[in-house]
Amino acid sequence: MIDLFKTKIGRLRIIAILEGISLLTLVFIAVPLKYAFDNPALVKMMGPIHGALFLLFLFNTLSVGVEQNWKFKETTGKVLLACIIPFGTFYIDKKILSKL
């Protein structure tokens with residue numbers, strides 16, 4: 001796990017996992033708390049965190065894609081599409097990023 005911090009692709013993988021976890025937290029914990037128990041505190045806290053991780057993932061994907069000379073349709077586009085699809089970052093980490 002420590003080796004992931006040494007490369008830009010490794011850091012991108014970490015951000016992808018964190019972004020996916022933040023979405024899981026929002027969907028399965030924060031939103032049910034908000035609507036079932038009328039407690040929006042966790043949504044107010046996790047919403048901006050998830051948004052920041054989402055933007056960080058986008059910018060890092062573009063940065064790594066340019067640096068590594070990824071072809072847009074083959075790699076960069078798929079990785080960017082993954083962050084729009086719910087939980088796609090987990091899939092893209094397993095199928096593309098872990099093999100780079």
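Colour the protein chain by pLDDT to begin: in this predicted model, the chain has a mean pLDDT of 91, and 99% of its residues reach 70 or more. Among the elements of the chain, helix α2, residues 41-67, has the highest mean value, 95. The lowest mean, 89, belongs to α3.

Next, select Asn69, in the loop between α2 and α3. Its phi is positive, about 55 degrees, although the residue is not a glycine. Is Asn69 buried or exposed? With a relative accessibility of 64%, Asn69 counts as exposed, the cut-off for that class being over 50%.

Proceed to helix α3 (residues 72-84) and display it together with helix α4 (residues 88-95). The two helices pack with their axes 7 Å apart and at an angle of about 150 degrees. Angles over 145 degrees count as roughly antiparallel, and α3 and α4 are therefore roughly antiparallel to each other.

To view the contact itself, show the side chains on both helices. From α3, select Lys78, Val79, Ala82 and Cys83; from α4, select Gly88, Thr89 and Ile92. Sorted by class, the residues of this contact comprise four nonpolar, two polar and one charged.

Finally, select Phe87, which lies in the loop between α3 and α4. Phe87 is a residue other than glycine with a positive phi, near 65 degrees. How does Phe87 count in terms of accessibility? Its relative accessibility is 28%, so Phe87 counts as partly exposed.

Terms used:
Residues numbered from 1 in each chain as written. Predicted model: local features only at pLDDT ≥ 70, side-chain atom pairs only at ≥ 80, totals over all residues. Heavy atoms only, no water. Axes fitted to C-alpha atoms, helices over the stretch in contact; angles between N-to-C directions. Helix = DSSP H or I, 4+ residues; strand = E, 2+ residues; numbered from the N terminus. Parallel < 35°, antiparallel > 145°, perpendicular 65-115°, else oblique. Contact = heavy atoms within 4.5 Å. Nonpolar A, V, L, I, M, F, W, Y, C, P; charged D, E, K, R; others polar. pLDDT = per-residue confidence, 0-100. Buried < 20%, exposed > 50% of the residue type's maximum accessible area, 1.4 Å probe, protein only.
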